[in-house]
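Let's take a friendly tour of a protein structure, stopping at a few places that are worth a careful look. Please keep the sequence and the 3D view at hand as you read.

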There are 2 protein chains.
Amino acid sequence: MLDNLSIVLFGTKFPENVGSSARAMTNMGCENLTLVRPASWDMEKARPLATVKGRDIVEKALIADELSEALKDQTRVYGTTARTGGWRKGVMTPSTAAPLIVEQLRAGEKVAVVFGPEDRGLTNDETQLCSRLINIPTSHENSSLNLSQAVLIILYECFKNALDKPFTPAGPPEERPTSFEEQEILASNLQETLLAIDFLKADNPDYWMMPVRRFMSKIDIKRNEFNLLMGICRQIKWIAGQAGKK
Amino acid sequence: MLDNLSIVLFGTKFPENVGSSARAMTNMGCENLTLVRPASWDMEKARPLATVKGRDIVEKALIADELSEALKDQTRVYGTTARTGGWRKGVMTPSTAAPLIVEQLRAGEKVAVVFGPEDRGLTNDETQLCSRLINIPTSHENSSLNLSQAVLIILYECFKNALDKPFTPAGPPEERPTSFEEQEILASNLQETLLAIDFLKADNPDYWMMPVRRFMSKIDIKRNEFNLLMGICRQIKWIAGQAGKK
């Protein structure tokens, strides 16, 4: 039911937490686990906490060096965060994100949920790769959830929603969702373009790009729209070239 | 907020699970823990998993010999079960039980939720002391949740319900929706801009604008994003002017 949903654990420090997360995944019917740069990774420490049912998930977990590599084939990326201030606007709760995720899974999308290291969570750089952020409501006294507890809550909300809703088939192929890779191509193309027209300041374009990225990330860009936007960028860069910019 | 809610762990086999349950309790603002006949109870094994924040809960946990004794002062008792057949009719889910529990807490009642031993859960005898039973939805592949995971889910549902207003991380005022008028201003500005860079053909720009309009119309554009997009258009038109277009 949650076949196209992946859990991505970024920089997990304790293999035991990978194990308990795998167990929680089997409880909620999710089987795809990717580990990005797991610190002192040790299958032997992870396995006992995964229990018999979660062992397969741990053994088949993909291991990646870079978050962007781990997300390459996903069409939607959700990040989890304990912080909600600053740039982290429009943060969702598990109960509001889950119906959306389930709807996307039903439309044939591949959805990843990313969890940061136990001690610090995802940084701003890492959350920029995520189109939406999810914050689990907790007591102000202690907002630090154990990693597998956080994984469980997200999956539990998705599982509940997946039980509730009937299946609806996908739309026409040219309206297929863009992959993470295409979204990144578009974002960097857009950044080049905005630099070419002096809209972004050359000294720290990544920083000035943030509101643009945030705006783009909330749009569910389809493949045909990707082509449209890439075409507009091409034309703007051409004009900028004519104007002696580049 | 969940001051009058108690977690009762019956016959828990591993002190570590008591520790992680205590941690989950602090995450969700619940502080009352009772242990009934905990097997090989060892505070030293429980404490590390409780983390600093949950240590108090473990140290102040009440210990009872009988379930009935542990429940003496409660006004409502909920049991948790992984089984739903036979006599276990009218079993609730966490999402249906939580609003009821919170209503009872608000009315000044003292509510306990009882969790059985890790391996076998509550027996029929024990569930008879409970006025209602709660079953956490899980995959058929693996319905066995770790004890602290089960505790967390029940408390998470109660916590969500107890927050006076639905938990929504607030957005700032500049994120107000754009008016229809603003959307039209933006669309015509965009059309001018795309004409200026020769992306739209001059003979029938309205027609060529249609996919762009369709794309824009699906985006819920906020006021700050309106400003952002108007700024980009201005800059593109300026560049086009430099290039001798206009």
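The report below visits a helix, some backbone angles, a surface patch, a strand residue and several salt bridges.

## A helix in chain A

Before we start, please keep in mind that this is a predicted model. Our opening stop is helix α7 of chain A, which covers residues 180-196.

## Positive phi angles in chain B

Chain B has positive phi angles to show you as well. B:Ser40 is not a glycine, yet its phi is positive, at about 35°. You can find B:Ser40 in the loop between β2 (32-36) and α2 (43-59) of chain B. Its relative accessible area is 60%, so B:Ser40 counts as exposed.

B:Thr51 is another residue that is not a glycine but has a positive phi, this time of about 55°. B:Thr51 sits in helix α2 of chain B. With a relative accessible area of 25%, B:Thr51 is partly exposed.

## A surface patch and a buried threonine

B:Tyr207, B:Trp208 and B:Met210 make a nonpolar surface patch of about 340 Å². B:Met210 belongs to helix α8 (residues 205-217) of chain B. Its relative accessibility is 48%, and B:Met210 therefore counts as partly exposed.

Is B:Thr34 buried or exposed? Its relative accessible area is 8%, so B:Thr34 is buried. This residue lies in strand β2 of chain B. Leaving aside residues up to four places away in sequence, B:Thr34 touches B:Ile7, B:Val8, B:Leu9, B:Leu62 and B:Ala70.

## Salt bridges

Side chains of opposite charge can pair when their charged atoms come close. How many salt bridges does a search of the whole structure find? Over all chains, the search finds 28. In chain A, one of them joins the side chains of A:Lys60 and A:Asp56, at 3.3 Å from N to O. A:Lys60 is exposed, with a relative accessible area of 63%, whereas A:Asp56 is partly exposed at 43%.

In chain B, the side chains of B:Asp119 and B:Lys13 form a salt bridge at 3.6 Å, N to O. This pair links distant parts of the chain, 106 residues apart. B:Asp119 is in the loop between β5 (111-115) and α5 (124-127) of chain B, and B:Lys13 is in the loop between β1 (5-10) and α1 (15-27) of chain B. B:Asp119 counts as exposed at 54% relative accessibility, while B:Lys13, at 34%, counts as partly exposed.

B:Arg47 and B:Glu59 also meet through their side chains, at 2.8 Å from N to O. B:Arg47 is partly exposed at 21% relative accessibility, and B:Glu59 is partly exposed at 37%. Finally, salt bridges that share partners join A:Arg76, A:Glu109, A:Asp220 and A:Lys222 into one network.

How values were computed: Residues are numbered from 1 along each chain as its sequence is written. Chains are lettered from A and ligands numbered from 1 in the order in which they are written. This is a predicted model: local features need pLDDT of at least 70, side-chain atom pairs count only at pLDDT 80 or more; totals for chains, interfaces and linings use all residues. Side-chain values use heavy atoms; hydrogens and water are left out. Helices (H or I, at least four residues) and strands (E, at least two) are DSSP runs, numbered from the N terminus. The expected span of a helix is 1.5 Å times one less than its number of residues. Patches are made of residues with over 30% relative accessible area and no salt bridge: like charges are joined within 9 Å, nonpolar side chains (Val, Leu, Ile, Met, Phe, Trp, Tyr) within 5 Å. Accessible areas come from the Shrake-Rupley method with a 1.4 Å probe; for residues, only the protein chains shown count as cover. A salt bridge is a side-chain nitrogen of Lys or Arg within 4 Å of a carboxyl oxygen of Asp or Glu. Buried means under 20% relative accessible area, exposed over 50%, partly exposed in between (1.4 Å probe, protein chains only). Contact means heavy atoms within 4.5 Å.
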